[in-house]
Amino acid sequence: MTIIDGLSAVADRYELFLVDQWGVLHDGESPHDGAVETLKALRAAGKKIVILSNSGKRLAVTLPRMAAMGFGADSYDHCVTSGEEVWRALDARTEPFYASLGRRCFMFSWDGDTSLIDGLDFTGTGDIDEADFILNAGTQSGTVDLSAYEPILQRAAEHGLPMICANPDFVSVAPDGSMNICPGATARRYEEIGGRVDYRGKPHKPVYDRSFAHVPEAGAALAIGDSLYHDIGGANAAGIDSLFIASGIHGADAGAAGDAPLIQDTLDALYAKEGQTPTFAMKHFGW
């Protein structure tokens with residue numbers, strides 16, 4: 001693993017870049033310093049860029065939000081989100097997991113946002129005892145632990161309900177620096193008590209298949225992200241190189257606070273703890 005100061009140090013080695021969104025490009029409200037310019041530099045160098053995000057939102061929501069932060073359609077070639085992939089799978093219902101689902105959906109969402117099921121032939125229910133499956137697409141704002149979800153998860157497990165996780169992230173960093181619990185944490189807890197979960201985002205294979213299908217002619221690929229489990233683990237499983245952005249969700253453990261440079265021993269200890277090692281590491285996403 002090599003610490004680099006900017007993406008220009010290794011960009012010539014790759015044709016395709018799979019770039020995480022939240023934590024790498026922006027904080028949910030504003031772009032990180034240099035992020036817009038770095039994507040433009042990659043595009044100017046003739047590179048292919050796929051924004052690969054664990055967002056539970058569909059592209060119709062994600063793309064305008066990115067554009068508002070300066071990441072317009074000219075900044076990348078394609079965008080893949082977990083939410084869009086879940087919607088496609090629910091709409092097609094060709095895979096065995098999805099074909100076997102009933103029509104009554106109990107939904108975990110971001111503050112009541114049920115837009116992920118718009119246009120789908122499902123009936124929402126607020127009673128877990130009446131549901132055929134759980135669509136896990138969000139958590140309520142201010143959630144500090146999973147205690148509020150535990151009774152529902154236990155009841156769902158008793159019924160043997162399948163769960164779809166539309167955002168496998170465990171946590172995200174809010175604009176004020178605080179950590180938000182994400183649907184991946186709820187899904188992981190459901191698995192711990194015996195629940196069955198289908199994931200559509202990193203580090204799981206379907207989103208990489210979709211990303212590569214967008215640019216089948218591209219050569220060597222580099223995945224860029226701030227989650228060792230999701231971004232780096234997904235890249236390792238897909239057999240491609242990766243770049244760890246240390247200032248994201250692992251910022252404290254990576255020693256990425258302040259102006260001090262990254263320290264190899266600190267990073268190595270973090271990699272050992274998380275069980276994933278990237279090809280490269282960089283403090284912030286920049287050229």
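Reply: The largest pocket holds about 960 Å³ of space. A pocket here is an open set of points on a 1 Å grid over the protein atoms alone, where a 1.4 Å probe fits, with protein on both sides within 12 Å along at least five of seven lines; lining residues have an atom within 4 Å of a point. The volume is the space filled by probe spheres set on the points, which are joined across faces, edges and corners.

Me: Which residues are closest to the centre of the largest pocket?
Reply: Trp22, Asp27, Gly28, Ser172 and Val173, out of 47 lining residues.

Me: And which elements give two or more residues to that lining?
Reply: Helices H2 (59-68) and H8 (228-238), and strands E9 (171-173) and E10 (179-181). E9 gives the most, three residues. Helices (H or I, at least four residues) and strands (E, at least two) are DSSP runs numbered from the N terminus.

Me: Before going on, what kind of model is this?
Reply: The model is predicted; local features need pLDDT of at least 70 and side-chain atom pairs pLDDT 80 or more, while totals for chains, interfaces and linings use all residues. Residues are numbered from 1 along each chain as its sequence is written, and side-chain values use heavy atoms, leaving out hydrogens and water.

Me: How does the lining of the largest pocket divide into nonpolar, polar and charged?
Reply: There are 13 nonpolar, 24 polar and 10 charged residues. Nonpolar covers Ala, Val, Leu, Ile, Met, Phe, Trp, Tyr, Cys and Pro; charged covers Asp, Glu, Lys and Arg; the others, Gly among them, are polar.

Me: What lines the second largest pocket?
Reply: Its lining includes Phe170, Arg188, His230, His250, Asp253 and Glu274. That pocket has about 200 Å³ of space. H8 and helix H10 (264-274) each supply at least two lining residues. By class, four are nonpolar, three polar and four charged.

Me: Now the backbone. Which peptide bond is cis?
Reply: The one from Lys202 to Pro203, with omega near 10 degrees. Pro203 is in the loop between strand E11 (196-199) and helix H7 (205-214).

Me: What is the phi of Arg93?
Reply: About 50 degrees, so positive, although Arg93 is not a glycine. Arg93 sits in the loop between helices H3 (82-92) and H4 (96-99).

Me: Is Arg93 buried or exposed?
Reply: Buried, with a relative accessible area of 18%. Buried means under 20%, exposed over 50%, and partly exposed in between (1.4 Å probe, protein chains only).

Me: Where is Asp111 found?
Reply: In the loop between strands E5 (104-108) and E6 (123-124). Asp111 also has a positive phi, near 50 degrees, and is partly exposed at 46% relative accessible area.
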